[in-house]
Amino acid sequence: MSEQSPDRADVVVVGGGNAGFSAAHAAAERGRRVVLLERAPRELAGGNSYYTAGATRITHAGLDDLLDFVEPDERHARTVVPAYSADEFAADLVKVTGGRNDARMTELLIGDSAGTIRWLAAKGVRYRLMYERQAYEREDGGFLFWGGLHVGNVGGGVGLVADHTRAAEAGGVGIRYGHRVTGFLTGDGGSVTGVRYESAGGVTGELRADSVIIASGGFEANPGMREEHLGAGWGRAKVRGTPYNTGELLLRALELGAARGGDWTTCHSVAWDALAEHNESNRELTNRLTRQSYPLGIVVNAEGRRFLDEGADFRNYTYAKYGREILRQPGSIAYQIYDARLRPLLRTEEYDMPGISVVEAGSVEELADGLGIDAAALSSTVKEFNASIETDRPFDPTVKDGRRARVTPPKSNWSSPIDRPPFYAYPVTCGITFTFGGLKGDDHGRVLREDGTVVPGLFAAGEALGGLFSGNYPGGTGLTAGMVFGRRAGSVA
């Protein structure tokens, strides 16, 4: 390593989430002196990664292909994990983005996914099969995984950040908390030669480096930028993750001539507990404020009407766009409706959490009264839905069962009558996770100008690197993108 100096590094990484740490690991293992600047104090660090469930989408050939790096579990012997091929991964990205995903980034993401997760596992980042989120127990006591997403971090996002931090410290990475990067130092030809920062105590300084890697997220925690780029009403969205991803470094990079990458007009947004106390940036409950069992029931707005196809696909392929649909409804609120038959199938970690917003009633009309919506409208919606279900197919949540309700909008799968009391309603609003637009980069995240030339010394990774997603997102791909493109940036920075 080069001689240590408080105002000099070989590589500066801005942001201490999954992407930033992956970049730092890759640079440090090459003998580079790495300093990671994290805006948050240590007790609030980890970026959006801290708030995730830890789900990570990778290619694999089935259960036997995962056993070399996932934690042992006695359930493995009773478990079926379908293989997930590169072609399936690519098709899923094309499907959910409407073909707007960058083809080269997709190729790199998929090709590196399995190798990169094993690289992190070798550094002490722990993984497991996600039984509680991605599998249903069958009548014979076995488990079947679904939706192409099977692996997650031990301890979720909290465990992911703790493992990353431990590995970085062991690898010699200097982590400085409470350091907000305010701009870039530049040299000849517009090259980036370091950063300006302000510490938590208000002290300003400069840190010079050969390379700077932006891994400080998008602009989802900036209401003004949301309104400007995502559209009117987005200032009302609830911030699921870190309050520190406010987009300033994206703007500073654009001022240097960097090109925009990806779709700046859409984002990852989900159904989020509308009425729970402290339902933004909640580090205690993190991801548990999501409500993602909606494919099993129906979702109505404040007028008691359905407005989306709850069963269009596995929730992995719809949940990141349905927050937007909720935001568009009157009052930016909706209600997930279930009956006693469906209630045991709901995700325990989300629907049995402390302080959950829920209304329970003995009839649909009483449920409407408890919600403050028109009882006749909700009763009509439920009756029409129940009567329209095609009962020639069995209800099976482990597959796309084709059990359709022929209403408007239709429900394409998993239609079960809402007719067995008690009835349950969960109020949800739009929770924003991250924005899809970022900076344009090459194969290793070198930031590009509009003419295709490189901004020397500047890299981007994670949510700051745009191009993979637009309009929607396959669950678990964000952490995969962070580790893959973080590693790629760190391997050359």
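**Reading helices, burial and backbone**

Author: Let us start with helix α11 (residues 375–388), whose 14 residues reach 20 Å from the first C-alpha to the last, close to the 20 Å expected at 1.5 Å a residue. The expected span of a helix is 1.5 Å times one less than its number of residues. Helices (H or I, at least four residues) and strands (E, at least two) are DSSP runs, numbered from the N terminus. This is a predicted model, where local features need pLDDT of at least 70 and side-chain atom pairs count only at pLDDT 80 or more, while totals for chains, interfaces and linings use all residues. Residues are numbered from 1 along each chain as its sequence is written, and side-chain values use heavy atoms, with hydrogens and water left out.

Reader: Which residues of α11 are buried, and what covers them?

Author: Buried means under 20% relative accessible area, exposed means over 50%, and partly exposed lies in between (1.4 Å probe, protein chains only). In α11, the buried residues are A377, L378, S379, T381, V382, F385 and S388. Their cover includes β15 (298–301) and α10 (364–371), where contact means heavy atoms within 4.5 Å.

Reader: What span should helix α5 have, and where do its buried residues pack?

Author: Helix α5 (residues 156–170) has 15 residues, so at 1.5 Å a residue it should span 21 Å; its end C-alpha atoms are 21 Å apart, which agrees. Its buried residues include G156, G157, L160, V161 and H164. The buried residues of α5 pack against α1 (18–28), α3, β7 (151–153), β8 (174–177) and α12. Just after α5, G172 takes a positive phi of about 90°.

Reader: How do I read the packing of α3 and α12, and at what angle do they pack?

Author: Axes are lines fitted to C-alpha atoms, for helices over the stretch in contact, and angles run from 0 to 180 degrees between N-to-C directions. Angles under 35 degrees count as roughly parallel, over 145 as roughly antiparallel, 65 to 115 as roughly perpendicular and the rest as oblique. Here helix α3 (residues 103–122) and helix α12 (residues 477–490) pack at an angle of about 85°, with axes 8 Å apart. That makes α3 roughly perpendicular to α12. On the α3 side, the residues in contact include M105, L108, W119 and L120, and α12 contributes residues including A481, M483, V484 and F485. By class, this contact has 10 nonpolar, 5 polar and 3 charged residues. Ala, Val, Leu, Ile, Met, Phe, Trp, Tyr, Cys and Pro count as nonpolar, Asp, Glu, Lys and Arg as charged, and the others, Gly among them, as polar.

Reader: R487 is found in helix α12. Is R487 buried, exposed or partly exposed?

Author: At 28% relative accessibility, R487 counts as partly exposed. Leaving aside neighbours within four places in sequence, R487 is in contact with S22, A23, A26, G115, T116, W119 and G482.

Reader: Which backbone features should I look for?

Author: Most residues other than glycine have a negative phi, and most peptide bonds are trans. In this model, W414 has a positive phi of about 60° although it is not a glycine. W414 sits in the loop between α11 and β18 (423–435), and it is buried at a relative accessible area of 2%. S332 also has a positive phi, near 50°; it lies in the loop between α8 (319–327) and β16 (334–338).
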